[in-house]
Amino acid sequence: MKWLNRNVKSILIHPNTIILILLFIKIIAFRLAVFHNKSVIHIALIEFPLWAFMLSLVILFAKKRAWTSIFLFNALLSVLFIAIIYYTRYFSTIPSYYDLQQLYQSNSVGGTIGLLSKPYDFLFLFDVLLIIPIAFYFKSKKAKLSVQLSKRLAVLFGCIGLVTTLLAFRQPLIDVSYFAKENGYLQSQAVQVFTRSFGTALASDSNLSEQDIEKLKGNDYVPSTEHKSYGIAKDRHVFVIQVESLQGFVLNKKVNNQEITPYLNALLKESTYFDNVYQQIGAGNTSDAEWLMHTSIYPEGMDPTVNVISGEPVPSLPRTLQEHGYGTATYHADDITYWSREKLYPALGFEYTYTDQEIPAEQEIGFGPADEVLFNFVSDQLPAQLKAHEKIYANIVTLTSHTPFEMPEHLEYLSLPENYEGTYVGNYLQSVRYVDEQIGEFIETLKKEGLYDDSLILIYGDHSGIHGAPVTKNDEAILSDILDHPYNLQDRFTIPVIFTGGGLFTGETISHLGGQIDLMPTLLNLLSIEHNAQMIGHNLFQYKHNLLGMRYHLPGSSFINDNTLYVAPSAKLPAILYNSKTMKEKNRTNQTQQSIDNTLKIMQQSDQILKSYGK
Ligand code: GP9
Ligand code: MN
């Protein structure tokens, strides 16, 4: 018994054991933070072995510098875990190896980092420091790390890791976070490396016609020439204004008796306003919204879409418009390499690209010139564009209302209640109020120049601004105050879509369900222009029913149809269904599985097309 006690004791306080125990605790903390996973057995069998395998290799190969190498390994792991945790808090989904590759783009979250931290995060650095006294302790006791034991442990953990990875390959990868929770983070990365080398997530042989897709959405197909809206804006100039972080809930809303978007609200009277349209972007944020607008193909989801295309020309809105006599230009005041637009824009086929090289770096707010500089620049280009082309297409992507929404005081036009001042939501409202004013000015310019009556203008939001960790309890209370109900997923995901232009529309609000995928087909129908490739979306003026997929911001296989918002099971939560009118939870019906299957079929078709644009 004594012998056994001594043996157990010597194993427990063996240096190899101590550092493995520390690693195990660290991994439990990581899984708790990212997946809310408390099952120690699951962690021990699935998540721990591959990391422990790496640590054992470090000891094996480091030999004399073992303690320094362990320290570095631990430090690197802490940085990695913290990066994953912050990313997950902001985007509500885990990052993959390719997201970590592009950490240089982290200024997208830059000013928000402070808002993402939590008091206990520093504990991830605690064990790194702890290694130092532990190393000294064992050195003083002349207790060495055992290479022999590390060898055995490397074989043991390596074998368990291999088996769990092979098992992971047998599971369908529809939602990356859920997959990583069930099968392990490293295993999920291995499976992604494999699937990405062999095509996009859902890509497989799929051959749905436009008629088939309409049927899956619940509509009878009607040829576009028979739509009521067909050609009502034929031969007009086209202006598309994609507004940074613009959400639907701010329209027609007041705070302190002031409208948040007075110019857009007034414009609605001469527009058609679609008030039930959902964002569908993936990891590529703004650039994915640009992709959806210009191709009507789903974004990749877990990777910014621009990263999965080859950069060769793709069938697109600019190309189709150019074939119909339009000069096509795109304007965005950020660095062109952000979201690899130096690849995206040529692939989409814009003739003129204006970015931070051309748009003057004046009145900088956040990471670019204020939107008034952008709009003034566009106005200045118009005469030359109109001289060179009979019809023009201008794609204008705003920037100022970007997180963290901090505006210089003289541009804060709203007088907010005291408790809103300086809050995330308060700042958001100020920045939206600012861009509203700039859009108003730009429309006035078009009117003054006599262009408004000859133009079709589409204004929409790229994605939500209010989501994730920066939203505090206090912000939630302010949102409830504005909305008269707790902020919900529908408030978060719906973006305003406004079609306007002189004499075209009469102030109608249409509540057919739509997604960003529908913007391009709707616009082309108004212009009576056919696109020579398949579009996954449809004309919102025509079709009453819809079925939308969303991945990345919702777990894969989530869907939105006319009356349901279905959130598929995720790494943290079980599946949940909402009545999309009331946002009250509801029960699953026989129809639910059918809608999931139909959504996946539509997205599969889309992914098939996206894959053909790939490398
Ligand atoms: C970057 C700008 C903002 O160029 O469009 O991007 P976001 O962070 O919203 O994707
Ligand atoms: Mn954006």
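Student: What makes the second largest cavity a cavity, and what is its volume?

Tutor: A cavity is a set of points on a 1 Å grid over the protein atoms alone where a 1.4 Å probe fits but cannot get out. The second largest cavity has about 100 Å³, a volume being the space filled by probe spheres set on the points, which are joined across faces, edges and corners. By this rule there are 5 cavities of 30 Å³ or more. Keep in mind that this is a predicted model, where local features need pLDDT of at least 70, side-chain atom pairs need pLDDT 80 or more, and totals for chains, interfaces and linings use all residues. Residues are numbered from 1 along each chain as its sequence is written, chains are lettered from A and ligands numbered from 1 in the order written, and side-chain values use heavy atoms, leaving out hydrogens and water.

Student: Which residues line the second largest cavity, and of what class are they?

Tutor: Lining residues have an atom within 4 Å of a point, and here there are 16, with Y90, N285, H463, S464 and H467 closest to the centre. By class, 5 are nonpolar, 10 polar and 1 charged (Ala, Val, Leu, Ile, Met, Phe, Trp, Tyr, Cys and Pro are nonpolar, Asp, Glu, Lys and Arg charged, the others, Gly among them, polar).

Student: On to rings. Why is the pair of F24 and F48 called what it is?

Tutor: The structure has 30 aromatic pairs, meaning Phe, Tyr or Trp rings (for Trp, the six-membered one) with centres within 6.5 Å; planes under 30 degrees apart are stacked, over 60 edge-to-face, the rest tilted. For F24 and F48 the centres are 5.0 Å apart and the planes at 70°, so this pair is edge-to-face.

Student: What makes F350 and Y393 a stacked pair?

Tutor: Their planes are 25° apart, with 6.2 Å between centres. F350 is in the loop between α15 and β6 and Y393 in strand β9, so parts 43 residues apart in sequence are tied together.

Student: How do you know whether F48 is buried or exposed?

Tutor: Buried means under 20% relative accessible area, exposed over 50%, partly exposed in between (1.4 Å probe, protein chains only). F48 has 9%, so F48 is buried.

Student: Now charges. What makes D121 and R89 a salt bridge?

Tutor: A salt bridge needs a side-chain nitrogen of Lys or Arg within 4 Å of a carboxyl oxygen of Asp or Glu, and here the closest N and O atoms are 2.9 Å apart. D121 is in the loop between α6 and α7 and R89 in helix α4, 32 residues apart. Both D121 and R89 are buried.

Student: How do you know that E270 and K447 form one too?

Tutor: Their N-to-O distance is 3.1 Å. E270 lies in the loop between α12 and β4 and K447 in helix α17, so parts 177 residues apart in sequence are tied together. E270, at 28%, is partly exposed, and K447, at 33%, counts as partly exposed.

Student: What else does K447 lie over?

Tutor: The face of Y452, at 4.6 Å from the ring centre (the rule asks for NZ of Lys or CZ of Arg within 6 Å of the ring centre and within 35 degrees of the ring normal).

Note on methods: Helices (H or I, at least four residues) and strands (E, at least two) are DSSP runs, numbered from the N terminus. On a 1 Å grid over the protein atoms alone, a cavity is a set of points where a 1.4 Å probe fits but cannot get out, and a pocket is an open set with protein on both sides within 12 Å along at least five of seven lines; lining residues have an atom within 4 Å of a point.
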